[in-house]
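Subject: Structure handover

Hello,

Here is the structure for your files. Notes on what was found in it come after.

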Amino acid sequence: MTQLTPLINSLPNTVAPRLDEGMAELGIAISAVQREQLLGLLALLHKWNRAYNLTAVRNVEDMVSRHVLDSAAIAPYIHGTTLLDVGAGPGLPGLVLAILKPDLQVTLLDSNGKKVRFQRQAVMELSLNNVTPTQARVEQFSEQVFDQVISRAFASLVDFVTLTQGLPATNGQWLAMKGPGADDELRELPAYAELQSRLLLSVPFETAERQLLILTPKGVE
C-alpha cells in the first residue's frame, strides 16, 4: 500500500480497466508507478472538481478519455527536455506528460489561482519532482525558453503563437492541440511561425476529431 492507495480506492472500479485499455490502444507501456500516478491524478481531479469546478467534465470515467488519454495521445511527439504548458488549467496535458516522461521538465502556466493550487497539490501528492506550477499571465512570463510550448485549450492558434512568441527555443516548437476546423486559424498565422506537421489523433473512447498542429519559428527546419 502507498499513500495514493486510499485515494485510488475511492474511484469506481471501472476506471482502472478503462485507463489500462486506453493506454494499450495508444501503444503506451506504463510502469506500476506511472499507472498509480495516473489513477491518483484522476482521483484528485474528481475530488477537487466537486468543490472548485476545475473542469466541465464531471464523470470520472469521461475524465479518463477526455483528459488523461487525450493528453497521453501526444506523448510520442514530445521531444527535448523542457516543456511549457500554457493555460494549463488543472495541469493538462502537462501533468500527464510529466508522469509518462519522468526525464521531462514541465512548467505549468496558468493565471487562475484555484487551478494552480490544484496543480501544486497534485505535484505534492503524486510525488512529481519534474513539474513546476506557475501562476502568471503568459504575457508577463519570460523566465526561460523551452524546447516545446504546448496549448490544449488556451486560446486561438494566432493568440497562442503571438503571446508565446519568445518562449520556444531557436530550434523549438509550438504544439497546439485542436479539434476539427483549424484551417481558418492556420491561414491567419503570423509571419514568424510556420506549420511543420498536422497530425490526426485517435483518442480511445472518443469520437470527436482531435489533431495536433506542430509549428516552428520561421526558417527553422
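This is a predicted model: local features need pLDDT of at least 70, side-chain atom pairs count only at pLDDT 80 or more; totals for chains, interfaces and linings use all residues.

Residues are numbered from 1 along each chain as its sequence is written, and side-chain values use heavy atoms, without hydrogens and water.

Helices (H or I, at least four residues) and strands (E, at least two) are DSSP runs, numbered from the N terminus.

Strand 1 pairs (at least two DSSP bridges) with strand 2 (residues 105-110) in the parallel sense, over 5 bridges. It also runs parallel to strand 4 (residues 146-151), joined by 4 bridges. Asp85 has Leu108 as its bridge partner in strand 2 and stands opposite Ile150 in strand 4.

The largest pocket has a volume of about 360 Å³. A pocket is an open set of points on a 1 Å grid over the protein atoms alone where a 1.4 Å probe fits, with protein on both sides within 12 Å along at least five of seven lines; lining residues have an atom within 4 Å of a point. The volume is the space filled by probe spheres set on the points, which are joined across faces, edges and corners. Of the 20 lining residues, Thr55, Arg66, His67, Arg152 and Ala153 are the closest to the centre. Helix 4 (residues 60-72) gives the most to the lining, with 3 residues.

Regards
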